[in-house]
Amino acid sequence: MAGDSRALTTADHSPVAGLAHDARGGISNVVLGMLLFITSEVMFFGGLFAAYFNVRANAPLWPTINPETQHQFHLEMLPLVLPATFILILSSFTCQLAVWGIRRGDRTAFLRNISVTFLIGIAFLIMQGTDYVILGSEGMTLSAGTYGTTYFTLTGFHGAHVFGGVIMLGVLLYRGLAGQFSARHHDAVEAVSLYWHFVDVVWILLFSLLYLLPGKG
Amino acid sequence: MHPLRHPRNAIFVGLLFSATGVVYWGVQSIAGWHVDFAGVTMLILLGVAMSILAYVLIAGSPND
């Protein structure tokens with residue numbers, strides 16, 4: 001049964017194999033807390049997605065009619081949406097490189113990659129803000145019917161989560177520069193990377209839903 | 001000893017819920033009823049949430 005008892009050892013098997021765990025095989029409190037938080041966030045975004053699908057399914061036309069112009073909204077691929085999507089996906093890789101760096105005790109690689117991730121997060125927020133300005137100039141606002149409401153609610157809440165992630169990355173960068181992380185002590189890095197990957201996955205779903213799913217009517 | 005043992009088995013817990021969501025959608029579609037997309041979405045994502053929770057319970061358990 002010795003083999004069975006080792007089956008729960010996260011270092012041996014789990015997808016987050018490098019996560020900090022105590023001597024008996026559990027995972028650290030920080031990572032545990034973040035995983036539970038992400039679980040609640042899945043259901044939070046689940047509610048938003050469910051509302052979107054429900055509104056969309058019950059609308060005779062999707063995108064809906066712009067109440068101001070009486071023309072159907074036409075959400076074209078905005079100039080900055082694709083680059084923003086690309087860099088956000090890229091940031092997941094740089095974030096993971098930072099995690100791998102600190103796991104092997106390479107602080108230079110950690111700091112370099114976490115800095116890039118931090119900057120990409122800021123760039124994404126600026127690009128999203130620019131897209132909002134473009135949409136606003138075309139009459140699509142939060143109050144422009146159900147289409148505008150669902151679009152800005154979904155992307156806005158995602159943007160708020162990216163903003164939260166950027167703050168966490170900033171804290172990691174600050175603490176990293178202060179030399180607070182090592183191969184042995186870096187629970188916060190693991191936790192923030194999990195959050196950042198989650199935010200990235202949500203954006204990929206949102207992008208597919210809003211820009212790739214064909215309309216109806 | 002935890003019945004699921006391997007943390008990766010957590011995915012099967014989530015699949016139960018997600019599969020229920022897919023069946024829920026399939027039955028409504030086949031029967032020609034109004035599809036409850038909100039319910040289907042929530043069930044599928046509940047599967048994701050349950051997977052993570054099950055992972056936490058299994059991977060976070062001590063080995064002894």
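Reader: Which residues in H3(A) meet H7(A)?

Author: This is a predicted model, in which local features need pLDDT of at least 70 and side-chain atom pairs count only at pLDDT 80 or more, while totals for chains, interfaces and linings use all residues. Residues are numbered from 1 along each chain as its sequence is written, and chains are lettered from A and ligands numbered from 1 in the order in which they are written. On the H3(A) side the residues are A:Val30, A:Val31, A:Met34, A:Leu35, A:Ile38, A:Glu41 and A:Phe45, and they meet A:Asp187, A:Ala188, A:Glu190, A:Ala191, A:Leu194, A:Tyr195, A:Phe198 and A:Val202 of H7(A), where contact is taken as C-beta atoms, placed from the backbone, within 7 Å. By class the contact of H3(A) with H7(A) has 12 nonpolar, no polar and three charged residues; Ala, Val, Leu, Ile, Met, Phe, Trp, Tyr, Cys and Pro count as nonpolar, Asp, Glu, Lys and Arg as charged, and the others, Gly among them, as polar.

Reader: And at what angle do H3(A) and H7(A) pack?

Author: The angle is about 15°, with the axes of H3(A) and H7(A) 9 Å apart; axes are lines fitted to C-alpha atoms, for helices over the stretch in contact, and angles run from 0 to 180 degrees between N-to-C directions. H3(A) and H7(A) are therefore roughly parallel, a label for angles under 35 degrees, with over 145 being roughly antiparallel, 65 to 115 roughly perpendicular and the rest oblique. Their crossing is right-handed, meaning that the near helix is turned clockwise from the far one by less than a right angle, anticlockwise being left-handed.

Reader: Is A:Glu190 buried or exposed?

Author: A:Glu190, which is found in helix H7 of chain A, is buried because 20 other C-beta atoms lie within 10 Å. The cut-offs are 20 or more other C-beta atoms within 10 Å for buried, 12 or fewer for exposed, and partly exposed in between, with C-beta atoms placed from the backbone.

Reader: Where does A:Leu135 fall, then?

Author: A:Leu135 is in helix H5 of chain A and counts as partly exposed, because it has 19 C-beta neighbours inside 10 Å. The C-alpha atoms of A:Leu135 and A:Gly47, which are 88 residues apart along the chain, are separated by 25 Å.

Reader: Staying with H5(A), what does the helix span, and which of its residues are buried?

Author: H5(A) covers residues 107-137, and its 31 residues reach 45 Å from first C-alpha to last, close to the 45 Å expected at 1.5 Å a residue, where the expected span is 1.5 Å times one less than the number of residues. Its buried residues are A:Phe110, A:Asn113, A:Ile114, A:Thr117, A:Phe118, A:Ile120, A:Gly121, A:Phe124 and A:Gln128, and what covers them includes H4, H6 and H7 of chain A.

Reader: How do H5(A) and H6(A) cross?

Author: Their axes come within 9 Å and cross at roughly 155°, so H5(A) is roughly antiparallel to H6(A). That crossing is left-handed, and the residues of the contact of H5(A) with H6(A) divide into 14 nonpolar, nine polar and one charged.

Reader: What about H3(A) against H6(A)?

Author: Helix H3 (residues 29-58) and helix H6 (residues 145-177) of chain A pack at about 160°, with axes 11 Å apart, which means that H3(A) is roughly antiparallel to H6(A). This crossing is left-handed as well. In it A:Leu48, A:Ala51, A:Tyr52 and A:Val55 of H3(A) meet A:Thr146, A:Thr150, A:Thr153, A:Leu154 and A:Phe157 of H6(A), giving six nonpolar, three polar and no charged residues.

Reader: Changing topic, which peptide bond is cis?

Author: The bond from A:Trp62 to A:Pro63 is cis, with omega near 0°, and A:Pro63 is found in the loop between H3 and H4 of chain A. As background, most peptide bonds are trans.

Reader: Last one: how many helices and strands are there in chain A and in chain B?

Author: Chain A has seven helices and zero strands, whereas chain B has two helices and zero strands; helices (H or I, at least four residues) and strands (E, at least two) are DSSP runs, numbered from the N terminus. Buried residues make up 32% of the 217 residues in chain A, and 33% of the 64 residues of chain B count as buried.

Notes
Contact = placed C-beta atoms within 7 Å.
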